[in-house]
Amino acid sequence: MNTTAKTVLISGSSVAGTALAYWLREQGLTPVVVERAPALRRGGQAVDVRGAALTVLRRMGLEPDARALKNESKGMNVLDPEGNELMRSEEFALSSGALDSEDIEILREDLVDLVHAKLDGVEYLYGDSITAIRDEDDGVTVEFEHADARRFDLVVGADGLHSNTRRIAFGPEADYIHHLGTYLSVFSQDNFLGLDRWQTWFNDGVNGGAVMTVRDNRELRIFLGFGAGPIEYDYRDTEAQKALVAEHLAGFGWKVPEFLERMRTADDFYFDSMAQIKMDAWSAGRTVLLGDAAHCAAPLSGQGTSLALVGAYVLAFELGRTDDHALAFARYERRMRPFAEANQELAHIDRQKVDPDESTRRLDAVKNAIDLDALVE
């Protein structure tokens with residue numbers, strides 16, 4: 001077991017960061033988590049835990065709790081912009097695949113809460129972010145926006161698509177981001193539609209969205225998106241983002257006008273581009289990237305959470321078996337890169353145009369494409 005690299009600063013407290021903190025402690029290391037938000041982030045979409053990631057969740061002892069919070073679905077339908085039904089299925093859902101699968105669809109915040117509950121004693125620096133990273137022979141000095149500078153053995157950037165850690169340690173986001181030509185928003189509402197474990201998708205071939213029930217039908221998650229090339233916008237200006245969504249979906253019928261009206265007052269509105277991160281290397285010196293920061297596959301893949309869970313497990317395991325962080329980083333990347341790249345390819349499948357059986361087959365082909373029991377060479 002690793003006894004030298006004792007302190008690891010993790011930037012980001014979503015799925016990747018919290019899972020890594022858990023597994024680092026299991027390996028005898030000491031994680032410290034810095035998070036820009038003032039507390040654990042709420043809201044967000046339902047996420048999927050599949051294949052190898054389900055094995056990781058099981059090894060954390062969290063599978064029963066996650067299944068108790070699983071988002072149940074009886075099926076889905078697809079509408080055109082006027083609300084006419086194009087197809088219906090009670091066996092398959094665009095968000096989660098085959099409904100009889102053992103996979104777990106769960107709200108992102110619920111999954112993070114389950115892992116976070118196992119992190120008693122882990123130090124969190126909320127409301128702060130990294131401003132500088134200085135590698136030294138025997139450690140790394142990190143400067144923060146608010147807290148005093150501190151030394152750690154290693155730094156892990158688990159801070160998502162627009163990773164601040166990646167920008168500091170590797171350079172501008174523009175060097176690594178690949179836009180997929182789509183923007184997506186999501187927000188919560190009460191189940192004013194009275195849906196019963198159901199999801200409805202609507203699109204005109206370029207723009208559209210979905211609505212689905214969560215939390216035993218008490219709530220809805222509403223997704224609204226549109227196709228467009230790279231757009232310059234302020235990540236912090238939610239009103240401008242809402243205006244973009246409303247502009248692109250202005251011609252839709254059915255319930256979409258009401259969705260747009262409710263969007264204006266939603267307090268957990270989230271908006272971002274669908275994009276992937278592609279890098280030649282995920283580590284530089286004593287800093288390494290994890291999850292979306294390293295290899296974002298985009299929500300269109302349905303595999304971002306699984307990649308985060310598996311990556312956290314593999315990285316922690318490799319750090320725990322050697323005092324040589326460079327060797328651990330190289331082993332982690334060698335194991336994870338084929339898995340990440342295979343999952344990135346899933347984002348290029350239009351599941352509304354592919355036969356459900358074929359879509360499920362392609363997903364099944366990659367969700368277990370890493371052997372977690374082969375970590376010892």
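Tutor: The second largest pocket has a volume of about 220 Å³, a volume being the space filled by probe spheres set on grid points joined across faces, edges and corners. A pocket here is an open set of points on a 1 Å grid over the protein atoms alone, where a 1.4 Å probe fits, with protein on both sides within 12 Å along at least five of seven lines. The model is predicted, so local features need pLDDT of at least 70 and side-chain atom pairs count only at pLDDT 80 or more, while totals for chains, interfaces and linings use all residues. Residues are numbered from 1 along each chain as its sequence is written, and side-chain values use heavy atoms, without hydrogens or water.

Fifteen residues line the second largest pocket, each with an atom within 4 Å of a point. Ala 68, Leu 69, Lys 70, Arg 215 and Asp 216 lie nearest its centre. By class, the lining has seven charged residues (Asp, Glu, Lys, Arg), five nonpolar (Ala, Val, Leu, Ile, Met, Phe, Trp, Tyr, Cys, Pro) and three polar (the others, Gly among them). At least two lining residues come from each of strand E8 (104-107) and strand E16 (208-214), strands being DSSP runs of at least two residues, numbered from the N terminus.

Turning to strand pairing, an open sheet holds three antiparallel strands in the order E10-E11-E12; two strands pair if DSSP finds at least two bridges between them. At its edges are strand E10 (130-136) and strand E12 (150-152), each of which pairs on one side only. Neighbouring strands of this sheet are turned by 25° against each other on average, direction ignored. Six antiparallel bridges join E10 to strand E11 (residues 139-144), and Ile 130 stands opposite Phe 144 in E11.

Strand E14 (residues 177-190) pairs with strand E18 (residues 270-277) in the antiparallel sense over eight bridges, where His 179 stands opposite Ala 275 in E18. E14 also pairs with strand E17 (residues 219-227), again antiparallel, over nine bridges. Here Thr 182 has Gly 227 in E17 as its bridge partner.

As for helices (DSSP runs of H or I, at least four residues), helix H2 (residues 51-59) packs against helix H9 (residues 304-320) at an angle of about 55°, with their axes 8 Å apart. Axes are lines fitted to C-alpha atoms, for helices over the stretch in contact, and angles run from 0 to 180 degrees between N-to-C directions. H2 is therefore oblique to H9, being neither under 35 degrees (roughly parallel), over 145 (roughly antiparallel) nor 65 to 115 (roughly perpendicular).
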